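These are my notebook entries on a single protein model. I set down what I looked up, topic by topic.

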Amino acid sequence: PVIVIDFGAQYAQLIARRVREAKVFSEIMPHTASVEAIMAKDPLAIILSGGPQSVYTPGAPQVDPALFTQGVPALGICYGFQAMAAALGGEVARTGLSEFGRTPTRLDARGVLLQNLPDTFSTWMSHGDSVQRAPEGFAALAHTAGAPVAAFEDAARRLAGVQWHPEVMHTEHGQQVLAQFLSQVAGIEPTWTPANIVDEQVALIREQVGDAQVLCALSGGVDSAVAAALVHKAVGDQLTCAFVDHGLLRKGEREQVREDFVRITGINLVVAEAEEQFLSALAGVSEPETKRKIIGREFIRVFEHTVRQIDAATDIKFLVQGTLYPDVVESGGGEGAANIKSHHNVGGLPDDLQFTLIEPLRTLFKDEVRAVGAELGLPDEMVWRQPFPGPGLGIRIIGEVTRERLDILREADAIAREELTRAGLDREVWQFPVVLLADVRSVGVQGDGRTYGHPVVLRPVTSEDAMTADWARLPYELMEKISTRITNEVREINRVVVDVTSKPPGTIEWE
Ligand code: XMP
């Protein structure tokens, strides 16, 4: 792999993703990793990420100069660039001119790294210190007003660095610079493709599972569907999937899982019909945390019961989890930490069943999971579906959850989704919850009559990872279409409002 060393800003994951977009496999390691630990990964190249500190702050993360004498190509970015300069005998200092944001950048030479770039272009910067003098053997390639040396390389040693952030979308030619580092400076072949990921994972799963039985809990989401399809491709009928139908799904989703998914993949699916059970448990409850607890508790009960009904249950040795790479990185990359999260995802397992986890997506980012899903032949509607919370529509009805209210919300939600798709904006919007304010009524007029109906809230958001989000600026024509259709087609709804709150301070969901 290409190893991205994380110096503690939020950029390391983004860099790792961009490297993979250039079709090269990448992994993230903390800056505390020793040179031996890094070399044990047999890295094709090393990229040092940006970080929040000054190289000269006491206690600031340093780079062991030995990292640069292993013969492994390396690229320093922002803090990583300065750390590389400092480690190799260059000079880093505070110039008094900090640069944040869009910065005009001028080339002094192209070298290998910056070949084919124009003389000036705009880069995204975030630095107070700058490299004053490149280390011995390095050619300075660019400068800005605040950075006398904004890029350098030593082509013979295959070491290079840039002061700017090539990984952010606001940097012009950013992806090109990363790709040129990988292919031209480091000489790496771009072979990380969905087809190769599938082949590699299938081989790994076969080796791990042997002829044992495997269980997968399907949630209806992208991750568990792709994980299941991947495992099925590897071990066929040794896999059984369990799906709890809690009645809180969106319109068409249960059919998508129970019919389309099974038809396309040929997977053994055991369905627990539990709508009644969930709705009676939720009767009379409107407090959000109580709802969540009830849904979680019932889920465990139903799942446990379902697993016991599977013929092969006693022989099941493995449990499939749709854990993604960001979860692994954020939990410190440790096996134990990831397990805790996984168990939480499944909602609980019978105590006397001991499983080993299979996590075929644990090296992948969400966009790669989608690409793998498409490679495995899953349909677009499934691969591109929005993230959907475990408690489902139960936390999108503000007030008590009843079947009637669920049906109302399902209709409104289906209209919003359909129009978003028709407008071709599915991939621009991270998630588009529609929320029913079931305990609120407002007066309206329809035809000649007064109405006294419920409002729904449209909550389209853009996001990279759901940790932060912004409200999506959808075109007015689309909003108009959605609003008109909902009030015309869903009798109980007479008002449509839009949520224009970012996260923070608002969360994506209303409960
Ligand atoms: P919030 O509302 O906290 O949501 O901004 C962030 C993301 O998490 C999803 N979400 C959940 N997912 N179980 C889940 O699997 C849950 O209980 C849950 N609650 C929120 C939410 O849809 C958004 O994508």
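I take the domain bounds from an automatic or database domain assignment. That assignment gives domain 1 (2-185), domain 2 (194-383) and domain 3 (399-498). I work with a predicted model, in which local features need pLDDT of at least 70, side-chain atom pairs count only at pLDDT 80 or more, and totals for chains, interfaces and linings use all residues. I number residues from 1 along each chain as its sequence is written.

**Entry: domains 1 and 2**

I looked up how far apart domain 1 and domain 2 lie, and found 39 Å between their centres, taken over C-alpha atoms. I call two residues in contact if their C-beta atoms, placed from the backbone, lie within 7 Å. On that criterion, four residues of domain 1 are in contact with four residues of domain 2. On the domain 1 side, helix H1 (residues 11-21) gives the most, with three residues. I sorted that side by class, counting Ala, Val, Leu, Ile, Met, Phe, Trp, Tyr, Cys and Pro as nonpolar, Asp, Glu, Lys and Arg as charged, and the others, Gly among them, as polar. The residues there divide into one nonpolar, one polar and two charged.

**Entry: overall form**

I count helices (H or I, at least four residues) and strands (E, at least two) as DSSP runs, numbered from the N terminus. The protein comes to 15 helices and 21 strands. I take the radius of gyration over C-alpha atoms, and the globule rule as 2.2 Å times the number of residues to the power 0.38. The radius of gyration is 26 Å, close to the 24 Å that the rule gives for 511 residues, so the protein is as compact as a globular protein of that length. Along the principal axes, the C-alpha trace spans about 75 × 65 × 40 Å. Among contacts with a separation of 6 or more, 73% join residues 24 or more positions apart.

**Entry: burial and cores**

I call a residue buried if 20 or more other C-beta atoms lie within 10 Å of its own, exposed if 12 or fewer, and partly exposed in between, with C-beta atoms placed from the backbone. Of the 511 residues, 43% count as buried. A nonpolar core is, for me, a set of buried Ala, Val, Leu, Ile, Met, Phe, Trp, Tyr and Cys residues joined through C-beta atoms within 7 Å.

Which residues of the largest nonpolar core touch the most other members? Of its 74 residues, I found these to be Val214, Cys216, Val226, Ala228, Val231 and Ala412. Helix H6 (residues 222-235) supplies the largest share of this core, ten residues. Domain 2 and domain 3 both give residues to the core, so it lies between them. I noted another core apart from it, of 61 residues, including Ala83, Leu159, Leu178 and Ile188.

I then followed Ala228: leaving aside neighbours within four places in sequence, this residue is in contact with Cys216, Leu218, Leu239, Cys241, Ile267 and Val320.

Val209 is found in helix H5 (residues 194-209) and counts as buried, with 20 C-beta neighbours inside 10 Å. Not counting residues up to four places away in sequence, Val209 touches Val214, Val235, Gln238 and Phe318.

Is Tyr452 buried or exposed? Tyr452, in strand S18 (residues 449-458), is exposed, with 9 other C-beta atoms within 10 Å. With residues up to four places away in sequence left out, Tyr452 touches Arg441 and Val443.

**Entry: backbone exceptions**

Most residues other than glycine have a negative phi, and most peptide bonds are trans. I therefore listed the departures found here.

- Cys78 has a positive phi of about 55°; this residue sits in the loop between strand S4 (74-77) and helix H3 (79-87) and is buried, with 26 other C-beta atoms within 10 Å.
- His173 has a positive phi of about 60°; this residue sits in the loop between strand S9 (159-162) and helix H4 (174-185) and is partly exposed, with 18 C-beta neighbours inside 10 Å.
- The peptide bond from Lys503 to Pro504 is cis, with omega near -10°, and Pro504 lies in the segment after strand S21 (493-498).
- A cis peptide bond also joins Pro504 and Pro505, with omega about 10°.

**Entry: the ligand**

I treat a residue as near a molecule if its C-beta atom, placed from the backbone, lies within 6 Å of it. Around the ligand I found Pro387, Pro389, Gly390, Pro391, Gln431, Ala466, Lys503, Thr507, Ile508 and Glu509. By class, this shell has five nonpolar, three polar and two charged residues.
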